[in-house]
Amino acid sequence: MTSYSRTSPYLAPLIDRYRLNKSGSTKETWHVSISLGGSGITFRPGDSMGVCPENDYGMCEAILQRLGVPADSEVQDPRSQETFRIEEYLRRKANLSVPTRKLVQELVVRGATHLEELLKPEQDEQFREFIANHNVLELLELHPEAHLGVQDLVQNLGPLLPRLYSIASSQAAHPDEVHFTVSRVRYEQHGKKRFGVASHFLCDMVKKGECRVPVYVQQTKDFLLPEDNQLPVIMIGPGTGVAPFRAFMQERFARNSPTNKNWLFFGERNHAHDFFYEEYWQSLASKNLLRISEAFSRDQEEKIYVQHRLWEARNEVWQWIQDGAHIYVCGDASRMAKDVDQCLQNIIKEALQISDESARHFLADLRKQKRYLRDVY
Ligand SMILES: Cc1cc2nc3c(=O)[nH]c(=O)nc-3n(C[C@H](O)[C@H](O)[C@H](O)COP(=O)(O)OP(=O)(O)OC[C@H]3O[C@@H](n4cnc5c(N)ncnc54)[C@H](O)[C@@H]3O)c2cc1C
Ligand SMILES: NC(=O)c1ccc[n+]([C@@H]2O[C@H](COP(=O)([O-])OP(=O)(O)OC[C@H]3O[C@@H](n4cnc5c(N)ncnc54)[C@H](OP(=O)(O)O)[C@@H]3O)[C@@H](O)[C@H]2O)c1
């Protein structure tokens with residue numbers, strides 16, 4: 001056992017990174033692999049890794065310029081009481097995406113009196129909107145009249161939290177590596193370009209041989225392959241949700257007597273551009289080790305999603321469930337996982353000719369037996 005954790009992560013070198021979408025895609029999803037070297041870290045397919053990201057260096061520099069202080073000024077972390085160089089603190093420790101109420105209050109005290117109005121209780125909604133639309137740098141730049149010292153700033157920043165990523169490789173296939181499938185978060189807000197901290201760090205900032213990726217294992221409670229390598233598995237993973245299933249398949253085929261009853265439901269926008277790991281899936285399918293159902297949502301006018309493919313194949317899906325299949329769902333929690341859940345209920349309802357409520361109970365029972373498992377975010 002190793003003792004790496006969110007407060008003491010392992011610093012993993014980048015091995016490789018390449019874009020999983022082909023040119024012409026409307027999305028940006030990357031394969032990122034890092035080395036575990038001789039760290040002794042072990043994990044199971046189904047586990048995730050916590051990544052402790054760094055903030056964009058340009059943004060940190062611009063904050064230092066605004067404060068007019070050298071990069072090596074010392075500050076104390078208000079939470080751990082540790083001493084840091086301000087540059088390092090801004091990169092690794094501070095949430096620079098969302099200003100805190102305390103920071104706005106501090107700016108008022110330091111001369112940004114215009115902001116006082118926003119702090120009134122009746123302005124709560126406007127305050128929330130304001131901090132959702134401004135990062136720390138923008139807030140400081142909007143108020144050059146506020147004279148803030150480095151420690152005044154640090155004292156009033158939130159902590160930079162780790163982000164979780166499903167592990168997309170198995171140690172049976174890649175003993176000293178961890179692979180991730182990362183969707184790069186980028187969007188525009190009121191004409192300003194925004195990006196997600198950790199996905200920007202992983203997909204752009206980390207350079208081979210230059211900086212490392214701080215990581216630790218976040219063990220899953222139950223999103224695990226069945227012990228019995230003969231039991232069928234149905235894996236439903238559109239988008240980055242496919243990541244753990246690459247690990248599952250690598251693991252299954254490294255173990256003894258694997259079943260060929262492995263069924264992947266994968267969906268993305270376009271077949272031509274967004275079929276992540278297509279070669280790997282096709283190589284398994286060509287040996288009759290994997291069945292693939294594809295749902296490319298934007299290849300035709302009507303959206304086709306994984307649940308549509310599940311429903312089309314409902315008789316066989318039901319047969320697999322009767323044969324003891326374990327069902328896994330990974331990816332978007334807000335829409336996909338709910339719709340897939342409803343679809344599974346409908347399949348059960350039709351197969352058994354039972355009520356909605358009984359179908360819900362049936363599915364809940366599969367959950368209790370750890371045969372219906374979800375890792376959704
Ligand atoms: C168990 C688990 C496993 C996961 N596995 C993976 C994985 O394998 N691959 C993967 O890519 N992710 C995965 N995630 C999600 C991942 O942890 C991060 O949440 C994701 O990468 C975004 O982090 P970020 O730091 O890049 O973005 P952040 O800096 O956290 O920014 C994201 C925020 O940006 C805002 N935002 C995003 N898009 C828009 C928009 N269009 N308009 C307005 N605001 C917007 C939202 O407020 C959102 O919360 C997983 C999450 C969990 C919990
Ligand atoms: N917390 C965060 O900050 C954060 C950041 C990044 C990602 N995420 C989550 O991770 C998820 C995965 O992102 P991703 O980029 O890998 O892929 P995704 O957005 O989930 O898209 C993958 C495929 O799923 C389709 N889809 C959309 N709605 C669906 C539904 N109701 N049922 C089934 N399929 C549906 C999409 O189709 P269309 O697009 O054509 O409709 C697309 O073809 C995101 O949706 C998001 O919830 C969270």
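This is a predicted model: local features need pLDDT of at least 70, side-chain atom pairs count only at pLDDT 80 or more; totals for chains, interfaces and linings use all residues.
Reader: Hello! Is T181 buried or exposed?
Author: Happy to start there. T181 is found in strand β9, which covers residues 177-183. A residue needs 20 or more other C-beta atoms within 10 Å to be called buried. T181 has 24 C-beta neighbours inside 10 Å, so T181 counts as buried.

Reader: Which residues is T181 in contact with, leaving aside its neighbours within four places in sequence?
Author: Contact here asks for C-beta atoms within 7 Å. With those sequence neighbours left aside, the partners of T181 are L20, T29, H31, A168, T240, V242, A243 and F276.

Reader: And how far apart in space are T181 and I131, C-alpha to C-alpha?
Author: In sequence, T181 and I131 are 50 residues apart. In space, their C-alpha to C-alpha separation is 30 Å.

Reader: Turning to helix α3, which residues are buried there, and why are they on the same side?
Author: Helix α3 spans residues 101-109, and L103, V104 and L107 are buried in it. They cover an arc of only 100° around the axis, which puts them on the same side of α3. An α-helix has 3.6 residues a turn, so residues three or four places apart point the same way. The buried residues asked for are L103, V104 and L107.

Reader: Which residues are exposed on the other side of α3?
Author: That side carries K102 and V109 as exposed residues. After α3 comes G111, with a positive phi near 120°. The exposed residues you asked about are K102 and V109.

Reader: Now for the ligands: which element gives the most to the shell around ligand 1?
Author: Of the 20 residues around ligand 1, Y187, G196, A198, S199 and Y377 come nearest. Two or more residues of the shell come from each of β8 (163-166), β9, β10 (186-189) and α7 (197-205). The top contributor, with four residues, is β8.

Reader: How many charged residues does the shell around ligand 1 have?
Author: By class, this shell has nine nonpolar and nine polar residues. The charged residues in the shell around ligand 1 number two.

Reader: Between which domains does ligand 2 lie?
Author: Ligand 2 has 22 residues around it, and G239, T240, S297, D332 and R335 come nearest. By class, its shell divides into six nonpolar, nine polar and seven charged residues. Both domains give residues to this shell, so ligand 2 lies between domain 1 (10-51 + 162-218) and domain 3 (233-376).

Note on methods
Residues are numbered from 1 along each chain as its sequence is written. Chains are lettered from A and ligands numbered from 1 in the order in which they are written. A residue is buried if 20 or more other C-beta atoms lie within 10 Å of its own, exposed if 12 or fewer, and partly exposed in between; C-beta atoms are placed from the backbone. Two residues are in contact if their C-beta atoms, placed from the backbone, lie within 7 Å. The arc is that of the directions from the helix axis to the C-beta atoms. A residue is near a molecule or strand if its C-beta atom, placed from the backbone, lies within 6 Å of it. Ala, Val, Leu, Ile, Met, Phe, Trp, Tyr, Cys and Pro count as nonpolar, Asp, Glu, Lys and Arg as charged, and the others, Gly among them, as polar. Domain bounds come from an automatic or database domain assignment.
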